[in-house]
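Please look over the structure below before reading the report.

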Amino acid sequence: MTLEVTLLLGMFVFILGGAFFGENGPLEVFKDSGPRLGARIEKHVTTGRGFKTRGAQNQWQAPQGPPPDGSLR
């Protein structure tokens, strides 16, 4: 009885370990597709356009005051 349980447990661990840590496991799949997913998201996101505040679309406004002079105060 102990031998059968040990063999079944070993097979169970071997099969699940291969499923999680093999070439088709989630670790390898996300490692390979993560940069591709990031590039796809960046391609479809247009930063700074189409954002609305209370139903009105945001518009660019010139900043107040003079431009910076480049010195550290």
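## Model and confidence

This is a predicted model, in which local features need pLDDT of at least 70, side-chain atom pairs count only at pLDDT 80 or more, and totals for chains, interfaces and linings use all residues. Residues are numbered from 1 along each chain as its sequence is written, and side-chain values use heavy atoms, with hydrogens and water left out.

The mean pLDDT (the predictor's confidence in each residue, from 0 to 100) is 77 for the protein, and 86% of its residues reach 70 or more.

## Overall make-up

Two helices and two strands are present, in the order α-α-β-β along the sequence. Helices (H or I, at least four residues) and strands (E, at least two) are DSSP runs, numbered from the N terminus.

Of the 73 residues, 3% are buried, where buried means under 20% relative accessible area, exposed over 50%, and partly exposed in between (1.4 Å probe, protein chains only). The protein exposes about 7,600 Å², with carbon and sulfur atoms supplying 64% of that area. Areas come from the Shrake-Rupley method with a 1.4 Å probe; for residues, only the protein chains shown count as cover.

H1 has 20 residues and spans 28 Å from first to last C-alpha, close to the expected 28 Å (1.5 Å times one less than its number of residues). The count of buried residues in H1 is zero.

Leu-9, Phe-12, Val-13, Leu-16, Phe-20, Phe-21 and Leu-27 make a nonpolar surface patch of about 750 Å². Patch residues have over 30% relative accessible area and no salt bridge; nonpolar side chains (Val, Leu, Ile, Met, Phe, Trp, Tyr) are joined within 5 Å, like charges within 9 Å. A salt bridge is a side-chain nitrogen of Lys or Arg within 4 Å of a carboxyl oxygen of Asp or Glu. H1 (residues 2–21) gives the patch its largest share, six residues. Val-13, in H1, is exposed at 52% relative accessible area.

## Gly-25

Gly-25 sits in the loop between H1 and helix H2 (26–44). Gly-25 counts as buried because its relative accessibility is 0%. Leaving out residues up to four places away in sequence, Gly-25 touches Ala-19 and Phe-20 (heavy atoms within 4.5 Å).
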